[in-house]
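Opened a new page for this one.

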Amino acid sequence: MKKENQFKKLMILANNHRSSLNLSVLLASLGVIFGILPFISGGKIAEGLISNDTDKNYYILWCLIGLLGYALKTLLYAWSLSISHKATFSILADIRIKMIEKLPKLSLGTISETPSGAFKQKIVDQVESMESPLAHMFPEMTANLLGPVFVFLYLLFVDWRMGLLSLVSFPIGMFFMVSVFKSYGDNFAGAMKIGGEMNSSLVEYVNGLEVIRSYNQTDKTYKKITDKVYANAKYYYDWMTKTQFGMSMSKAITPTTLLAILPLGYIFYKNGSLSLTGYLLSIILSFSLQGLLNTMMRFTTIGAQVGTLVENVESVLNATEQIHSEEKIVIKNHDIELNNVSFEYEDGQEILSDISLQIKEGTKNAFVGLSGGGKSTIAKLIAGFWDVKKGEIKMGDIPYENIPLEELYDQVSFVSQDNFLFDDTVRENIRMGDPKASDKEVEEISKKAGCHEFISHLENSYETRVGKQGESLSGGERQRIVIARAMLKNAPIVIFDEATAYMDPENEYLIQNSLNELIKNKTVIVIAHRLYTIKDSDKIFVVNNGKIEDSGKHEDLLNSSETYKKLWKTSIGKED
Ligand SMILES: Nc1ncnc2c1ncn2[C@@H]1O[C@H](COP(=O)(O)OP(=O)(O)OP(=O)(O)O)[C@@H](O)[C@H]1O
């Protein structure tokens, strides 16, 4: 039942190319039917020789029929495969495009917490694995199923007992096959899972190589990866060992149609109830059955993989999207309001509980608090990275779900320390803030952000490529480009995760200047780690254990909040 549904789902994914797949099945089936002709010709020639037929034309005719059958089989088979492959690669491209189109609709949070290796594995590798089921299994397996039916019918016509005997090995072989395939789907799903883990940790290892080396963790991390690689190998080894016997028995017995035909046919021939011609024809045709059953069995493993492959594709295609209205809306002001918001990343683990707060348009605000208290989570909810299920968030008195996602993202610039640079030119990385901006506008904004000078000194100035994730620039240069990009975006709300933290004094000074430009006349939310940078804020929120413990101005909080007082002392203590 489950498998049938998965095949239906595969066909739904293949929707636009179903007629091509059907045509390839039809051509392959015709090919198999013509492929039986050489065996029938062989039988007929044997029959002629036994009955001492001396008519040359008879032999020539059957030779030609045999040749024609073989030629047509080859031609139709090639034609069928070329159609099925053309359709398959278009289907795979369609599936990948659907999956890629889905990614921006997922919450940004979901994207960032999923290892990039996992998406790569599903979109690239697992979709690639659908090539066999679509391009080969559909036409070839259908055709090779039809083939035995035709041979069986023909044998019934020759002698009904030989027809039945030709299939005797089939149920015995199937018995072993079923014993193996009962658990094949689950085992294959397990293999995909363990392979996915290996894939993700390899991608993580390569991405983190710099940190691993600088902290001299090569041995430890290497061991983690080799453990995953060995676990993957062991899984396959155990799985194959468990199924070896059943698989071998099934492969040995199923196509052995001669097992019954040879001895019993001889008995029938000896007692006169079967002619020598009938006996020979049965033997020859049972050879054709062997080839057909062998090919069919090759596809049973591929068939059993379809369920897992389709499920993995669907896990991306059906992943929960952020649900926002798509109707255009005018946001008249940028006051932000959180009313009784609770939030959990994983079911049952509440990170924010019953948060209510207001942020006035055009004010400077800060979230402070102990690590893990929930500051970034609140900021990300305000930026629209996740939808909330409990409570509501409003901008300009409009609930977030009534604001189209694109419009919401247009309202907010989120600047953090790990902002991403694409492997493109400096100019294009800045222009991402506003794709319509002219070259001149990009340069103007870079001057304001204080990065024009260093960009001018780069080898190709604005046309210099920044390398993978901006690796050819220094940390401070990357940060200033990110700020220039955010300035070009010119969003009315700016959130930054204290972007100057851990910078050397010269860079900190330069970046602070850029930031001051960025936040001019904006609603600002700073996730502050060093309190002296935000002590002049209009409102400071003390976030602790997923709650707003207190809020107010610096001086008020020094009196009213013990947590704030402690944080302040630690902060200035650090700076002394
Ligand atoms: N994507 C996530 N999935 C699951 N849990 C998360 C995720 N992001 C954060 N958390 C958890 O939520 C809690 C709050 O994290 P958050 O980053 O919001 O705190 P924070 O106050 O900003 O901390 P810090 O000052 O260290 O940056 C932490 O316990 C953290 O482990």
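**Whole chain.** First reminder to myself: this is a predicted model. I looked up the secondary structure and got 22 helices and 10 strands in the protein chain. Then I checked burial: of the 576 residues in the protein chain, 35% are buried. For contacts, I took pairs at least 6 apart in sequence, and 79% of those join residues at least 24 apart.

Residues 59-79 come out as 100% helix and 0% strand, with the end C-alpha atoms 30 Å apart. Residues 275-293 are 95% helix and 0% strand, and there the end C-alpha atoms lie 27 Å apart.

**Ligand shell.** Which residues come nearest to the ligand? I count 13 residues around it, and Y345, S371, K375, S376 and T377 come nearest. The elements giving two or more residues to this shell are α4 (108-113) and α14 (375-382). I noted that α14 has the largest share, with 3 residues. Last, I sorted the shell by residue class: 8 polar, 3 charged and 2 nonpolar.

Terms used: Residues numbered from 1 in each chain as written. Predicted model: local features only at pLDDT ≥ 70, side-chain atom pairs only at ≥ 80, totals over all residues. Helix = DSSP H or I, 4+ residues; strand = E, 2+ residues; numbered from the N terminus. Near = placed C-beta within 6 Å. Nonpolar A, V, L, I, M, F, W, Y, C, P; charged D, E, K, R; others polar. Buried ≥ 20, exposed ≤ 12 C-beta atoms within 10 Å, placed from the backbone. Contact = placed C-beta atoms within 7 Å.
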